[in-house]
Amino acid sequence: MTLTAPGPATVIALIGNPNTGKSTLFNALTGLRQKTANYPGVTVEQHTGEIVLAGQPVTLVDLPGAYSLAAQSPDEMVAIDVLLGHVTDLPRPRAVLAVIDSTNLRRNLFLVTQLAELGLPLVVALNLSDVAGSRGIRIDTAELGRQLGATVVPVSAARETGLAELRAALEQAIAAPAPPALRVLPEVGAAAEDLGQRLRAAGLHLLDYEVERALIDAQGIAERRFEMTAGDAFRGELARLRSELGAGVSLAEAEATARYGLINAIVARTEQRAPRRVTLGDRLDRITNHPVIGSILFILVMAAVFQAVFSWATPLMELIDGATAATGEWVRSSLPEGALASLLVDGAIAGVGGVIVFLPQIMILFAFIIFLEDSGYMPRVAFMVDRLMRSVGLSGQSFIPMLSSFACAVPGIMATRVIPERRDRLATILAAPFMTCSARLPVYALLIGAFVPDRHFLGGALNLQGLILLALYMLGILGGVMTALLLKRTMLRGPTPTFMIELPPYRLPSWRSLLLKLLERGRIFLVRAGTVIFSVAILIWALAYFPRPVEIAGTFATERETIEASALSGAERDQRLAELDAAESGAYLEQSWLGRLGHFVAPAFAPLGWDWKLSAAVIASFPAREIVVASLGTIYAVGDRGDNLEGALRERLQTATRPDGTLVYTVPMAIGLLIFYVFCLQCAATLAVMRRETNSWRWPVFAWFYMTGLGYLGALLVFQLGS
């Protein structure tokens, strides 16, 4: 029997304007059968999922949101490359699924009419059809389909209605032949086809659509690509055709006039609207968009989020903590005392478990942020914050990347690609790492839990620990905003950009979509804990365990024999032996490679009130800041405790003393340490993506020294003044 290789995958491209519910529809169609990667050669994320149509698996590619196919950014360029089949290892789509906001048909049709020019089978999902119906908007889907040469299906992605009909339409689309392409400017299309044939005859491979976009979008990305491919031989031909076809008018202007004329005619034939009524969303907008009331509301919303982070997560944290501690105790009892037992318990379990225990708090924070984004509230916050951002030389457009940085600075920095002006993009990139990402949360939770009393106010409505957490988040925001102001007044001086944003309708998010996004972010955190944190935790354990001087073993063995042979009572003997074990662990640690490193760098951090143990842990955490929790767990050997690991580490920090018997972790020192972690740039991934986005090491190096210096100075002032 001869085995044949499987043919290329069937691909459907999913595209739409931002805030049309595209991601919600993608999640509803693919469920858990999705993956995330990067497109080859660029930092744009590639989201793909699998759906089953006519019994066969089909790849659904979720393209970045776009308003037009006239590419102006890397995101839009990637979308066009996918649609034209220019992406490595990804076949050209067999069909296109366009998502439309039914409440704003006219605006959405600009992109859809461009998609109809590609000559690919087109399915249009009229999303938010339930909202449109409640507003008295009626759309003739059959007529709309005839006008566009597409299949139109009303759906509600959030309520998962119309999905069966949408799947049936997609099945027909991937089996259908290529339809005739829509022509908005027939003369330009004919000229592009003729020039494309001559190019291909000369061995130059450009699609007719690419030639047409190069003709229309003067000095755009399409023209630059044409020149790179066709060279000087056809550059003059492109200019000649553009001049002849334009007849004194730019082709971009002629296209816009013709396209909007077509759109207006389509809307007139297909849409009926009842008289506009004041809705609940309109009343809410009067509140959320008010400069004073909206700002107060945003602070109250975020305060409630941080209260929940500390109040709701406790039971789950105790459950994870107990399971981790029990696992460590079982492993220790199952193995003979020695390096292997210490590696597994003090290195792997205590290191990684000490970070995973904070997963419930991180997931609660993510859940709130996703809910606020999908409900339509966050774009209104961006509009409101535009006033503040303009005062520091930026716009509300920079708020979205900075908001993304609350989850992780890496996607936040990548999101700055939507900012057209380079100086504003650089200022946003340098401000984004100040936002409190999820990696800071374990550090905050550990130190706040150890040194901030669990007090409640206003009948239990306010928690002091939650208020301190909110203050740390606000301090990070202040640091980012002031950094942007400083840069825009000095190195990146330039005009303040304009800002326009579409405010989507308020809607109750899809719980399925929310859960899928939450699971993806939780998976990313666990993968990070299972790879980076695990690897560094093992390294820290090795540095803290080796070498093992025989002199220390001999000295403490003699003392142990003396205590065991003494006339002390059983309880007193056990206490003395426990104290001796702790002293022996401390002696080994001080003589270890990590101990020597800590003593070496300790003088630099002594003005901050840090001892050599904390100095070593902070140095070890520079690749990823959350590693400091795992490092402290290893240094203080919390894995040898039978009780919960988080509580054991907090107790060790609260009782840690210097050689003279004074406490190491005083309140001023702990607050200074928190401020250090608010500002310090301890994330190798962030530095790497800054290098990729700026195409230079200049800005990442500047950011590292600037933020680390700011963190050091803040910790120094707090400790010295507080002491």
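A polar contact is a pair of N or O atoms within 3.5 Å; within protein, one atom must be able to donate a hydrogen and the other to accept it, and residues adjacent in sequence count only if both atoms are side-chain atoms. In this predicted model, local features need pLDDT of at least 70 and side-chain atom pairs count only at pLDDT 80 or more, whereas totals for chains, interfaces and linings use all residues. Residues are numbered from 1 along each chain as its sequence is written, and side-chain values use heavy atoms, with hydrogens and water left out.

**Asn127**

A polar atom of the Asn127 side chain lies 2.9 Å from the backbone nitrogen of Ala157. Asn127 belongs to strand β6 (residues 122–127); helices (H or I, at least four residues) and strands (E, at least two) are DSSP runs, numbered from the N terminus. Asn127 counts as buried, at 2% relative accessibility. Buried means under 20% relative accessible area, exposed over 50%, and partly exposed in between (1.4 Å probe, protein chains only). Leaving aside residues up to four places away in sequence, Asn127 touches Thr20, Gly21, Val99, Ile100, Asp101, Ser102, Val155, Ser156 and Ala157, where contact means heavy atoms within 4.5 Å.

**The chain as a whole**

The protein chain has 32 helices and 11 strands, and its C-alpha atoms fill a box of roughly 105 × 70 × 50 Å along the principal axes. Of its 723 residues, 52% are buried. Among contacts between residues at least 6 apart in sequence, 74% join residues at least 24 apart.

**Salt bridges**

Side chains of opposite charge can pair when their charged atoms come close. A salt bridge is defined as a side-chain nitrogen of Lys or Arg within 4 Å of a carboxyl oxygen of Asp or Glu, and by this rule the count comes to 20. The table lists examples.

| Salt bridge | Closest N to O |
|---|---|
| Asp208 and Arg200 | 3.0 Å |
| Arg259 and Glu255 | 2.6 Å |

Arg225 is partly exposed, at 28% relative accessible area, while Asp81 is buried, at 11%. Arg259 and Glu255 are separated by about one helical turn because they are 4 residues apart in helix α11 (residues 251–270). Salt bridges that share partners join Glu117, Arg213, Asp217, Glu255 and Arg259 into one network.

**Aromatic pairs**

Rings of Phe, Tyr and Trp (its six-membered ring) pair if their centres lie within 6.5 Å; planes under 30 degrees apart count as stacked, over 60 as edge-to-face and the rest as tilted. The whole structure holds 16 aromatic pairs. Phe434 and Phe679 form an edge-to-face pair, 6.0 Å centre to centre with 70° between the planes. Phe434 lies in the loop between α20 (422–431) and α21 (440–451) and Phe679 in helix α30 (residues 667–679), so the pair ties together parts that are 245 residues apart in sequence. Phe434 is buried, at 0% relative accessibility, and Phe679 is also buried, at 10%. The pair of Trp699 and Phe702 is edge-to-face because the ring centres are 6.1 Å apart and the planes stand at 90°. Ring pairs link Phe434, Phe679, Trp699, Phe702 and Tyr706 into a cluster.
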